[in-house]
Amino acid sequence: MTLEIRRFAYGDTTPAWQAGSTNQAGDIMIAFAFRDGSTTAPSLPSGWTDIRSDGANTCSARSCWKEAVADSDTLPAFTNANTVYVLTIRGADRRNPIGNTSTDGSQSATITLPALTFNHQNGEGSAFGFVGHRSTNHNLASSPGDLTHYGAYANATCQTGAWYEHDSNGVTGGTFAGGGTSSGQRAHVIEILMSRFKPIIY
């Protein structure tokens, strides 16, 4: 079973859903919030569960998750974030969707997504990667290593990109030249655990 990206959102402090498919109850929303100018990560919104947060090189990031209730789910403000990217995922474990994670952060014009060994070694694992960069002029459309580019968002301050990997035992990670200005960046790669339905025995 492969996880399915159903919907995405991006924006500044408060991201907005973009055109496309919709949420349904039981989907998992994964958010990556990037902050420029401080090593203190953006705040965790009420009702969301923290995945990880870190900071260095005059920037920081927080990733977190929340189970969707319905298509009418609204997204909160991520206080102190400059850019936020959200993916809605269908097929993840609703009680415990997060496996292993990895992070990277440097002062560079080279975009880096770190390697990650999955908790579940069955060849069916999935992961999602995010990068926030203090510059606004990078082309984030490359697909480093075994990760596939999904989308990106930039404003007047900084930029954020998203990637994915399916059906493997881990992420090799990789780097690419974004072509923009050297500055601080934060990257999170997150293993997503799939739903495992147990049979009902009568």
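How many positive and how many negative side chains does the protein have, and how far apart do the centres of the two sets lie? There are 13 positive and 16 negative side chains, and the two centres are 5 Å apart. These values, like those below, come from a predicted model.

The secondary structure consists of 15 strands and 0 helices. The radius of gyration is 16 Å, close to the 17 Å given by the globule rule for 202 residues, so the protein is as compact as a globular protein of that length. Along the principal axes, the C-alpha atoms fill a box of roughly 60 × 35 × 30 Å.

Next comes the division between surface and interior. The protein exposes about 8500 Å², and carbon and sulfur atoms supply 45% of that area. Of the 202 residues, 51% count as buried. In soluble globular proteins, nonpolar side chains tend to be buried together. Here the largest nonpolar core has 23 residues, and those with the most contacts inside it are Leu3, Ile30, Ile98, Phe128, Phe130, Ile190 and Ile192. At least two residues of this core come from each of β3 (28–36), β5 (59–67), β6 (83–90), β10 (125–133) and β15 (183–192). Strand β3 gives the largest share, 4 residues.

With residues up to four places away in sequence not counted, isoleucine 190 touches Ile30, Ile51, Ser63, Ile98, Asn100, Thr101, Leu116, Ser126, Ala127, Phe128 and Phe130. Isoleucine 192 is in strand β15. Its relative accessible area is 3%, under the 20% cut-off, and therefore isoleucine 192 counts as buried. Leaving aside neighbours within four places in sequence, isoleucine 192 is in contact with Leu3, Ile30, Ile89, Ala92, Pro97, Ile98, Ser126, Ala127 and Phe128. Glycine 11 lies 181 residues from isoleucine 192 in sequence, and their C-alpha atoms are 23 Å apart in space.

Is threonine 112 buried or exposed? With a relative accessible area of 17%, threonine 112 is buried, because the cut-off is under 20%. Not counting residues up to four places away in sequence, threonine 112 touches Asp104, Val131, Gly174, Thr175, Gln185 and Ala187.

How values were computed
Residues are numbered from 1 along each chain as its sequence is written. This is a predicted model: local features need pLDDT of at least 70, side-chain atom pairs count only at pLDDT 80 or more; totals for chains, interfaces and linings use all residues. Side-chain values use heavy atoms; hydrogens and water are left out. The radius of gyration is taken over C-alpha atoms; the globule rule is 2.2 Å times the number of residues to the power 0.38. Buried means under 20% relative accessible area, exposed over 50%, partly exposed in between (1.4 Å probe, protein chains only). Accessible areas come from the Shrake-Rupley method with a 1.4 Å probe; for residues, only the protein chains shown count as cover. Lys and Arg count as positive and Asp and Glu as negative; His and the chain ends are not counted. The place of a charge is taken as NZ of Lys, CZ of Arg, CG of Asp or CD of Glu. A nonpolar core is a set of buried Ala, Val, Leu, Ile, Met, Phe, Trp, Tyr and Cys residues joined through side-chain atoms within 4.5 Å. Contact means heavy atoms within 4.5 Å.
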